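Here's a quick tour for anyone opening this structure for the first time. Have a look at it, then read on.

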Amino acid sequence: MSLQKVLGKTMQLDDRKSSGEKTDRLRRSIDSATTIPNREVDDLCEAFVMRVITINFITCAVKACKASASSFPLHFQDVEVEQQEVHFEPAFIQNLLPRIDWTGLRTTAIELGFPTVPDIKPNNDTLDEPMLRDLHRLLLETQVVEGKLVCGNCGHEYSIKDGIANFLLPDHLGSSPSLET
Amino acid sequence: MIPTPSTSHVSFDRIYEPAEDSFLLLDTISSEEESAWLCRRFSKEIDQSPLFIVEAGTGSGVVLAFAAANPKEIFGRSDVLTLGTDVNRDACKATRQTVLRAVDDKRMGYPGEDGLFSRLDLMPGVDPGESGSVLEVENAETGKETHFLASMTTDLCAPLRARNVDVLFFNPPYVPTPDMPPLPPPSTADESSSMSKWEKFERDSYLLSLTYAGGLDGMETTNRLLDAIPEVLNPWRGVAYVLLCGQNKPEMVKERICDWGGGWTAEILGADNMQAGWERLVVLRICRDGPGAASPSTVTKG
Ligand SMILES: C[S@@+](CC[C@H](N)C(=O)[O-])C[C@H]1O[C@@H](n2cnc3c(N)ncnc32)[C@H](O)[C@@H]1O
Ligand SMILES: [Zn+2]
């Protein structure tokens, strides 16, 4: 990218921001910018990484894998996990259960060394508090800091660094051109 | 008005700074009319399972944080799971900070970016004895059922499993440009410590170009997201909010969606909030309606 082009684009962005009427929110944030104390947020955020329940909602990013049953769940490999205490709300976990793919969760639990997930999805009669607590611990309190997610269909590895999984694909797998050639 | 989440910890030389478009999204989803609509659609009496809320292209995270910190006001319930994606890894980091901070600010009663308080009893000049103790109790509950799952570096919704998303937000790169910046490669270096000043400038400019450059009609990225909607949204109760500018030809986009069939409809919201400026912003609400929509979900198999 040439300098001129870069500067041109940056200017375009600035123009866009200064154009037109300011919204109420924008006007307020300008007015109050000097008066609001800056709070320390570092401690709050450093400990915060990817919760295990995320695995229930994701699959391989490669389009061709979506139709294959073996692309779900993605497999955790070489992971480093952290436990973080989270407020336990039994009703929340119970309401969450219908959304959970049980076979997938069992696979994940084994990969992470959580042997306590029962073979069969509990129903309202078999659910008890200890089981809800176990699930709470696995799904919400366990956080993945580092490691890999591997697709069981195409073998593609997605890295997790600092709790952020990277699903960007190289050119030949993605749907849109990337910088890499 | 619900406070704007604080983003003072975000560095805007490579992450999109919340602007009119971001705020129009906030105002639209929290308007009396829209939140009433959302509360009906997501009523616990219809379906008890927690909401799965996703934002694509989170940038600073201001929109996702707004939803995560105020689910009761917006959706009428506090049990929500939130997840954010962006192609810019720095934006992913910023997002989780912003979301976490907003939820905490709400609980503690700190003011938002705009100096607004969500707890009247902490507002300067208000006698704590008189203001609603109800609010205090409600705020104490904040965050107990609100869980931020993850920030992920990805193109749009690429790794999301089909038919799971209840609420999807997207404030896209919507400015018409002669060409599109390529997406970052997977190997994007994490730290820029070894970069020269010039390299850093180039890198920041590239990341900023990703925030606004929309290619033909400003729609190239938005079109790809729209195509993914029938696949990622929960077909019963899912709803997507997509911001568009005038040059994106919102009316035509709306008609195209109604032509999808299968009960998909689109509605243009927020048009009268923002008449001035060259970009005339609107919010498009996309969901499936008609028979079967918003009936008990049986989407995820067990
Ligand atoms: C206009 S900014 C909006 C930021 C924020 N949501 C807001 O409202 O303030 C667009 C965002 O989308 C991200 N983005 C651009 N292309 C993307 C893509 N293909 N997939 C995911 N995110 C993308 C940009 O990095 C940027 O953060
Ligand atoms: Zn795969």
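## The zinc site

Let's start with the metal: in this predicted model, the zinc ion (ligand 2) is held by the SG atoms of Cys60(A), Cys65(A), Cys151(A) and Cys154(A), at 2.3 to 2.4 Å. The angles among the 4 donor atoms run from 102 to 115 degrees, and the site is tetrahedral. Along the chain, the donors are spaced as C-x4-C-x85-C-x2-C.

That spacing brings together distant parts of chain A: Cys60(A) sits in the loop between β1 (50-51) and β2 (75-83), while Cys154(A), 94 residues apart from it, belongs to the loop between β3 (142-150) and β4 (157-161).

Nonpolar side chains tend to be buried together in soluble globular proteins. Here, the largest nonpolar core has 69 residues, and the ones that touch the most other members are Ile53(A), Leu149(A), Phe167(A), Leu168(B), Leu225(B), Ile229(B) and Ile286(B). Helix α6 (residues 129-141) of chain A gives this core its largest share, 6 residues.

Take Phe167(A) as an example: leaving out residues up to four places away in sequence, its contacts in chain A include Ile58(A), Leu74(A), Leu149(A) and Tyr158(A), and those in chain B include Met152(B) and Pro159(B). Another core, of 40 residues, lies apart from the largest one, and Ile2(B), Ala65(B), Ala69(B) and Cys287(B) are among its members.

## A helix with a buried side

Now for helix α5 (residues 102-111) of chain A, whose buried residues are Trp102(A), Gly104(A), Leu105(A), Thr108(A) and Ala109(A). They're on the same side of α5(A), because they cover an arc of only 150 degrees around the axis. This buried set packs against β2 and α6 of chain A, and the face turned away from it carries the exposed residues Thr103(A) and Ile110(A).

What about the ends? At the start of α5(A), a side-chain oxygen of Asp101(A) comes within 3.4 Å of the backbone nitrogen of Thr103(A). After the helix comes Gly113(A), with a positive phi near 75 degrees.

## A buried asparagine

Over in chain B, Asn248(B) is in the loop between β5 (239-245) and α9 (250-258). It's a buried residue, with a relative accessible area of 2%.

Which backbone oxygens does the side chain of Asn248(B) reach? One is that of Asp217(B), at 2.8 Å, and another is that of Tyr174(B), 3.1 Å from a polar side-chain atom of Asn248(B). Beyond neighbours within four places in sequence, Asn248(B) also has contacts with Gly218(B), Met219(B) and Val253(B), among others.

Note on methods:
Residues numbered from 1 in each chain as written. Chains lettered and ligands numbered in written order. Predicted model: local features only at pLDDT ≥ 70, side-chain atom pairs only at ≥ 80, totals over all residues. Heavy atoms only, no water. Donors = N, O, S within 2.8 Å, 3.2 Å for Na, K, Ca; no water. Tetrahedral: all angles 85-135°; square planar, octahedral: opposite > 155°, others 65-115°. Helix = DSSP H or I, 4+ residues; strand = E, 2+ residues; numbered from the N terminus. Core = buried A, V, L, I, M, F, W, Y, C linked by side-chain atoms within 4.5 Å. Buried < 20%, exposed > 50% of the residue type's maximum accessible area, 1.4 Å probe, protein only. Contact = heavy atoms within 4.5 Å. Polar contact = N/O pair within 3.5 Å; in protein donor to acceptor, adjacent residues only side chain to side chain. Arc of directions from axis to C-beta.
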